[in-house]
Amino acid sequence: MPVLTATSRRELEVHRFPALVYALVPLAALVLQAWLPRVMGRYAWFDLPLVVVIYFAMGRPSPIQGTVMGCILGIFEDALTQHPIGINGVAKTLIGFLASSVGIRVDVENHTVRVLLTLALSLASSGIYFFVFRILLGLSLAWNWLDALLVAIGNTVLALILFPFLDRFRIRD
Amino acid sequence: MESFFVRYRNPLVLLALLAAQIIGLATQVHRADSGRMSLDPRDSGGVRLIRLWADALVSPPERILHSGGSSFSSLWSNYIDLRHVRQQNQQLQQTIDRLRFEQAALLEDARQGERLQRLLNFQPQYLYKTLAAQVIGSSGTTQSRVFYIDKGTADGLQHDMAVITPDGIVGKVRDVFSHTSQVLVINDQSSGAGVILETTRIRGILRGNASGQPQIVGIIADNRIKSGERVLTAGGDQIFPRGLPVGVVEAVARDPERDGFVNVIVKPYAALDRLDEVLVITSMEPRFPADQQQDMAESEAIKGAEVQQQEAQKKASAVMAERLPGLIDPNLPADQQPLNDSTPPPPVAHTVQPLHPDRFTPGNAPTDNTQPPAQGSPIQPRTP
């Protein structure tokens, strides 16, 4: 009787999507992230590209995919601001790698796990952003941790809605 | 060796990506004269290229979303939600009529001020050439308070042009692409606008804080600064023209970094987080729009008519004065005319009241034109 280890279990549950989903979902996340704050004003407490990075990274056994996706989305997010390009890039690269690494070891089909992971990774992303901006680059930045917490909660709520929706596009073996 | 790369390919890819981005970041910041690290105000070629790609990727869908949203809201507001519109229209018409009169008067003052400024060799800057633009997107993060508008170099926009609304200032154009531009809002931490408090005339620099509220930083504590005082642009930053409304003082907070200094929190007039349309000041040359020129012409016409009316009244007075008997004596020189005679009039002799009035007493005599006038009676005007 074969022993069902975490790795072997995850290898059986690799999430695959049509190529169009890999192209359109990150693009839609970027566009909506840029457009929705104009509609919602100061209450836009979420980071859609980060949620998308976490979702795709958790579903694949190779951390490279999550790392590269995080890097690209982070750089494009930076390009839409007036800040140096690479701050969000570094943060989301690390988050993509972490999400992939965690996704191999735990069962990410469980909603509670997904929610807790999204909350923790969102806070980690804010922390990395702050570290790169203030410590690594030495730039002045007034920081509000309450905003970071609200964004993490917003991401968690979005994950609860978005993850089951994206699961519908998964290719079943 | 091959097994090393295969075995550690995941962390190696991670390290390569991180190293590349950190090196890229290092090229985008520099140490300022003050010793602090700061951003390069202008992007290098590579960075600008990435921003261009991001804009090209995100702006077209944003335009579609924006036009779709605008069409829906237009359909709703123009065809469905029309309650009380007629009443509002009447009120607005009355307001417009009143404002047109006030505007004509104010324009006269403005022209006078302009003339006085020209006398003092100041550059007159009252009215500006502006371009309307629609907000189509934002940066998507609260750490960066910028937004995108649907006008770019093709429409004549340039770097550092002021962006305003009729309510107050909004920000400045930071980056310009062919059909879009990035606007840095005044409540961003990296923005800066020269402002002045209207009453106390205290000057300072306006920039955003962590919560996205604009504040005037580095002001020496002053008890005269009160809530509700208006804040205007000072005009010294070469971006915003002088005298534009910014907002009102909301609170005064102690500067945590420097003793004796305060930060003045400003409530902006413009709704910075809910902007739909903005105006970009494309030229600061003095210019009067067509409708204002028409108002000025009307004002001039009214003024000319008033002058003509006054002249006509003077002329009529002169004719009347000529015709009035006794006031002008043709036999006397001009300086001795009764109108111009400044000598005091001769004293009037008071008649003694008789104890027993008879028919010779003035006032009791019968009317008789043939009798000579009695002594001491008032002088009758001579007829010509």
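**View 1. The closed barrel of chain B in the predicted model.** In this predicted model, six strands of chain B form a closed barrel in the order β8-β9-β10-β13-β12-β11, and their pairing is antiparallel. Neighbouring strands of this sheet are turned against each other by 45 degrees on average, with direction ignored.

**View 2. The pairing of β8 with β11 in chain B.** Strand β8 of chain B, which covers residues 193-197, pairs with strand β11 of chain B, residues 230-233, in the antiparallel sense and over three bridges. Within this pair of strands, I196(B) stands opposite L232(B), a residue of β11(B).

**View 3. The side of chain B that touches chain A.** Contact between the two chains involves 45 residues of chain B and 39 residues of chain A. On the chain B side, at least two residues each are supplied by α2 (9-26), β2 (37-39), α3 (45-80), β3 (129-138), β4 (146-149) and β7 (181-185). The element that gives the most to this side of chain B is α2(B), with 10 residues. By class, the residues of chain B on the side that touches chain A divide into 21 nonpolar, 17 polar and seven charged.

**View 4. The helices of chain A.** Chain A contains seven helices and zero strands, and from the N terminus on its elements follow the order α-α-α-α-α-α-α. Of the 173 residues of this chain, 46% count as buried. When contacts in chain A between residues at least 6 apart in sequence are considered, 69% of them join residues that are at least 24 apart.

**View 5. The crossing of α5 and α6 in chain A.** Helix α5 of chain A, residues 87-105, and helix α6 of chain A, residues 111-136, have axes that come within 9 Å and cross at roughly 145 degrees; the crossing in which α5(A) passes α6(A) is right-handed.

**View 6. Residues that join α5 and α6 in chain A.** From α5(A), the residues taking part are I87(A), N88(A), V90(A), A91(A), K92(A), L94(A), I95(A), L98(A), A99(A) and V102(A), and they meet L117(A), L121(A), A124(A), S125(A), I128(A), Y129(A), V132(A) and F133(A) in α6(A). Sorted by class, the contact of α5(A) with α6(A) has 15 nonpolar, two polar and one charged residues.

Notes
Residues are numbered from 1 along each chain as its sequence is written. Chains are lettered from A and ligands numbered from 1 in the order in which they are written. This is a predicted model: local features need pLDDT of at least 70, side-chain atom pairs count only at pLDDT 80 or more; totals for chains, interfaces and linings use all residues. Two strands pair if DSSP finds at least two bridges between them. Helices (H or I, at least four residues) and strands (E, at least two) are DSSP runs, numbered from the N terminus. Axes are lines fitted to C-alpha atoms, for helices over the stretch in contact, and angles run from 0 to 180 degrees between N-to-C directions. Two residues are in contact if their C-beta atoms, placed from the backbone, lie within 7 Å. Ala, Val, Leu, Ile, Met, Phe, Trp, Tyr, Cys and Pro count as nonpolar, Asp, Glu, Lys and Arg as charged, and the others, Gly among them, as polar. A residue is buried if 20 or more other C-beta atoms lie within 10 Å of its own, exposed if 12 or fewer, and partly exposed in between; C-beta atoms are placed from the backbone. A crossing is left-handed if the near helix is turned anticlockwise from the far one by less than a right angle, and right-handed if clockwise.
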